[in-house]
Amino acid sequence: MGGNGKKSGDPLRGALLGFGNVALHAHLPVWQQSKHFKIDSVVEPIPERRELIKTVLPDARIYADLDLLLEDGDVDFVDICTPSSFHGELMLRACRSGLHVFCEKPLFTSSGLLRQIEETGNRLHRALFVVNNWKYAPLWSRTLELIREGRIGKVRSVCLSVLRTPNSGGGISNWRQCAQFAGGGILLDHGWHNLYLILSMMKERPLSLSAHMQYPQTQGSDLEDTVDLAMHFPRAEARLHLTWRADCRRNHGTIIGDLGTLAMGDDHLILETGNGAPPVRYDFPEPLSKGSHHPQWMAQVVESFRREIADDKARGANFREGKWCAHLIELAYRSQLSGSCLLEVEDLL
């Protein structure tokens, strides 16, 4: 499939699947700045968006359906930017065609489909990659660095809150408000990011979790807009509060270790070590809650994707992280259905 006749050092040729706002404002600018990748094809079913592609990427091949792109070939990877409910099917089809796959979060919660995709990727030696970009936000990057350096010791407690106003997000067609396309509410959206961040801090798998969710009062709405999630680890715990009912946009939290504490604001961190040293404050120019696309965080995401393509030993780390997020979200929905019961977390290793 992809790469026939390709010279060593040539950029890998890619196709965007979907040309909504995240493709236009977050993904495409980074691909265009990379010397390792080139976007020269787009699959987009909406005629009006295909007209926009002609103005933004005048030399791109434009397709209304993935099958037409696959028939033409001459592509090395796809970047999936569709609504969430299409991610699984598109990942599997692209991977079976021998392509590397770069996919906007979230992955889906179907464990059977995840296994099929992973097995196909392993058999064909393809990289499968989900956009876990929040770890590259300057505030979160610094937080994880301080934890790796042992500045607060072993993490014992994490408490994070994500506050968003009603009707946040939605994309060009407001698809996030439709269960058929979104696949889930705020847990699948903002919760995904916070789960891989929590796992990065804990460095161990959770043993159990419980979740309580609330739904909009609007008749017929079945997408959760408020979630309280608790996870229990061998020697720590994590609590996550997510809501689309707030009167402001804000991220904040507290991370407690056995040697100190990190207090997280929307645009700053305060490190307290408890050894007589004064608190250390780290300020950041942009709040975590500002905007939705964050193209400035994407360069490191794309570089990690390139590394997984090039290095067999590195390949798969990102997808394993994605599998954990999908598994925890699936369990959280089960917990809600069973009356917020505490459920055991399966070991995915």
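**First stop: a loop residue**

His125 is exposed, with a relative accessible area of 51%. Keep in mind as you click around that this is a predicted model. You'll find His125 in the loop between helix 5 and strand 6 (128–130). Check its backbone too: His125 has a positive phi of about 60 degrees, though it isn't a glycine. Most residues other than glycine have a negative phi.

Now select Lys203, in the loop between helix 8 and strand 8. Here again phi is positive, about 60 degrees, in a residue that is not a glycine. Lys203 is exposed, with a relative accessible area of 66%.

Stay in that loop, between helix 8 (186–202) and strand 8 (208–214), and pick Leu207. Leu207 is partly exposed, at 37% relative accessible area. What does Leu207 touch, leaving aside residues up to four places away in sequence? Show His232, Phe233, Pro234, Leu343, Glu344 and Val345 to see those contacts.

**Then: a cis bond**

Jump to Pro106, in the loop between strand 5 (100–103) and helix 5 (111–124). The peptide bond from Lys105 to Pro106 is cis, with omega near -5 degrees. Most peptide bonds are trans.

Finally, select helix 1 (residues 21–33) and helix 2 (residues 47–56), whose axes are 11 Å apart and at an angle of about 25 degrees. That angle is under 35 degrees, so helix 1 and helix 2 are roughly parallel. Show the side chains where they meet: Asn21, Leu24 and Leu28 from helix 1, with Arg49, Leu52 and Val56 from helix 2. These contact residues divide into four nonpolar, one polar and one charged.

Definitions and conventions. Residues numbered from 1 in each chain as written. Predicted model: local features only at pLDDT ≥ 70, side-chain atom pairs only at ≥ 80, totals over all residues. Heavy atoms only, no water. Helix = DSSP H or I, 4+ residues; strand = E, 2+ residues; numbered from the N terminus. Buried < 20%, exposed > 50% of the residue type's maximum accessible area, 1.4 Å probe, protein only. Contact = heavy atoms within 4.5 Å. Axes fitted to C-alpha atoms, helices over the stretch in contact; angles between N-to-C directions. Parallel < 35°, antiparallel > 145°, perpendicular 65-115°, else oblique. Nonpolar A, V, L, I, M, F, W, Y, C, P; charged D, E, K, R; others polar.
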